[in-house]
Amino acid sequence: MHALTAALAFLLPWEFFPAALVLCAGAAALYVRGLRRTPPGERPGFGRRLAYFSGWALIYFVMQTHWDYLSQHMFFIHRIQHLVLHHLGPFLVVLAQPLPVLARGLPAGIAEGVLRPFWRNPATRFVYRLLQNWLVAPVLFVGLIFFWLTPAIHFDAMLSAPLYLVMNWSMLLDGLLFWALMLDPRSRREGALIGYGPRIFILLLASLPQIYLGADIGLATHELYDVYTVCGRAWPMSPLEDQSLGGLITWIPAAMMHLLGVLVLLGRWMRSDQGSPQPTLATRHP
Amino acid sequence: MTRKFLFALLAAAGLALAACTQKAHWRTDDIDGLMPRLAFNMTDDAGQPATGATYLGKTVLLYFGYTSCPDVCPTTLAKLAQALKDTKDHGANAKVLFVTVDPKRDTLSRLHEYVRAFGPWFVGLRGTPEELQALTKRYRVTYSYGKPDKDGNYEVTHSTAVFVFDGSGRSRLLMLPRDSAEAITSDLDQLAAGAGS
């Protein structure tokens with residue numbers, strides 16, 4: 001009984017932030033409404049639905065439960081929080097290819113009256129095209145990790161509540177943008193902004209600075225992020241132990257997510273006509 | 001005419017900028033406005049209710065610790081005492097608020113005995129678990145208890161920082177164990193002189 005109340009208390013928000021609840025619950029509700037309006041034959045399979053819901057559930061869990069408290073007071077837990085916000089959560093959501101279902105779930109009034117004019121607005125198109133540029137997107141993705149892990153900036157972000165919010169939201173929004181660009185189910189010919197080949201190249205290249213940074217933090221022999229010592233840790237753990245663990249999380253699971261992305265793209269590439277090598281082989285050797 | 005005016009404006013802006021950067025030369029961490037204003041509800045070591053408003057008009061140094069603390073707390077408090085004694089007004093307008101993160105063992109009388117030993121600037125603060133959590137959460141610090149030994153003694157890990165607020169309750173500086181007493185004295189003198197505000 002005591003364990004149950006403790007578990008329930010853990011699930012309550014540490015610092016309630018309505019936008020996080022609205023985003024996660026809204027995304028789930030929209031999807032459910034869309035599923036109901038999708039003809040049974042066109043509904044996405046169990047795997048995709050599971051990916052979509054678990055992606056948002058994970059994002060909500062790290063932002064709006066006491067996991068958030070632990071993230072503020074343990075470096076390695078903070079690194080897991082960012083792994084979910086920037087890599088795993090958006091990856092799962094995008095992997096589900098939810099756009100057709102979400103479009104069906106959107107009430108017609110909002111779709112026609114708000115979303116379409118917004119999306120058709122040249123300013124929106126410009127910003128979107130800029131952020132999803134083949135060079136800007138990966139630089140922004142990797143740059144944000146480096147930016148928030150700059151020791152002086154990290155220090156301030158952990159002290160200041162508003163900066164902390166900016167940090168976490170920038171990671172989440174950039175994660176959604178980046179993985180949506182990378183895991184676009186379409187080929188270049190079908191309308192994707194970047195072809196399969198260049199995307200695989202970008203994913204591999206973008207993992208290298210993260211491996212470097214993670215190794216650099218994980219193997220450091222002096223304390224880089226003293227804000228956790230300054231503010232106190234959630235439980236007794238030596239600063240270097242905490243830091244090494246955090247570095248490993250920045251290094252290995254993050255790089256694995258990039259490899260997983262490459263595998264997904266290779267699979268899709270082989271199934272699409274664009275990159276299929278069979279026809280050329282067949283013509284060369286009749 | 002317009003050009004002359006522009007030059008004058010630029011020169012004035014340059015001077016103002018130079019004055020600003022010259023004025024504040026902090027030797028401890030500048031956290032001006034980064035954290036919320038000083039606010040809490042606690043009981044002081046004399047048994048009186050204390051809030052952030054109680055210390056308006058004074059420079060406040062906020063520190064979290066506990067009286068059974070083996071090394072960090074006494075070292076920090078002794079250093080603060082030394083630094084305050086060396087300021088121009090001998091700390092006449094400053095208070096150090098020592099908030100116990102171990103209210104179970106730190107009774108008000110024990111807290112009173114403890115802080116008095118360090119000097120007249122020190123005030124011990126004790127709160128209910130809810131009051132203590134509200135205050136630590138506000139300043140994004142935490143504490144955790146180690147396993148008790150066979151005599152029932154346990155260590156408490158806690159924040160090592162001293163948060164400094166000016167007379168209006170605005171967060172201004174963060175002092176860390178690596179900061180020397182001289183650096184603290186210098187910054188408290190600057191703060192008392194109104195630097196950076």
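In the predicted model, 22 residues of chain A are in contact with 21 residues of chain B, contact meaning heavy atoms within 4.5 Å. The model is predicted, so local features require pLDDT of at least 70 and side-chain atom pairs pLDDT 80 or more, while totals for chains, interfaces and linings use all residues. Residues are numbered from 1 along each chain as its sequence is written, chains are lettered from A in the order written, and side-chain values use heavy atoms, without hydrogens and water.

The two chains bury about 1,600 Å² between them, with 57% of it on carbon and sulfur atoms. Buried area is the accessible area (1.4 Å probe) lost when two parts are put together, summed over both. In chain A, the residues that lose the most area to chain B are A:Trp14, A:Leu159 and A:Val230. Together they account for 34% of what that side buries.

Polar pairing also spans the interface. Ten residue pairs, both members at pLDDT 80 or more, are in polar contact between chain A and chain B. A polar contact is a pair of N or O atoms within 3.5 Å; within protein, one must be able to donate a hydrogen and the other to accept it, and residues adjacent in sequence count only if both atoms are side-chain atoms. Four elements of chain A each give two or more residues to the side that touches chain B: α4 (67-73), α10 (151-159), α11 (161-182) and α13 (227-231). Helices (H or I, at least four residues) and strands (E, at least two) are DSSP runs numbered from the N terminus. The most comes from α10(A), with four residues. By class, this side of chain A has 13 nonpolar, five polar and four charged residues. Ala, Val, Leu, Ile, Met, Phe, Trp, Tyr, Cys and Pro count as nonpolar, Asp, Glu, Lys and Arg as charged, and the others, including Gly, as polar.

Over all chains, the structure holds 13 salt bridges, each a side-chain nitrogen of Lys or Arg within 4 Å of a carboxyl oxygen of Asp or Glu. Two salt bridges cross the interface of chain A and chain B. One joins A:Asp226 to B:Arg178, with the closest N and O atoms 3.2 Å apart. B:Arg178 lies in the loop between β10 (171-175) and α5 (181-192) of chain B, and A:Asp226 in the loop between α12 and α13 of chain A.

Within chain A, α10(A) and α11(A) pack at an angle of about 115°, with their axes 5 Å apart. Axes are lines fitted to C-alpha atoms, for helices over the stretch in contact, and angles run from 0 to 180 degrees between N-to-C directions. The two helices are therefore roughly perpendicular; angles under 35 degrees count as roughly parallel, over 145 as roughly antiparallel, 65 to 115 as roughly perpendicular and the rest as oblique. A:Asp156, A:Ala157, A:Met158 and A:Leu159 of α10(A) meet A:Ala161, A:Leu163, A:Tyr164 and A:Met167 of α11(A). This contact has seven nonpolar, no polar and one charged residues.

The axes of α9 (residues 136-148) and α12 (residues 196-218) of chain A come within 10 Å and cross at roughly 10°. α9(A) is therefore roughly parallel to α12(A). Their contact divides into ten nonpolar, one polar and no charged residues.
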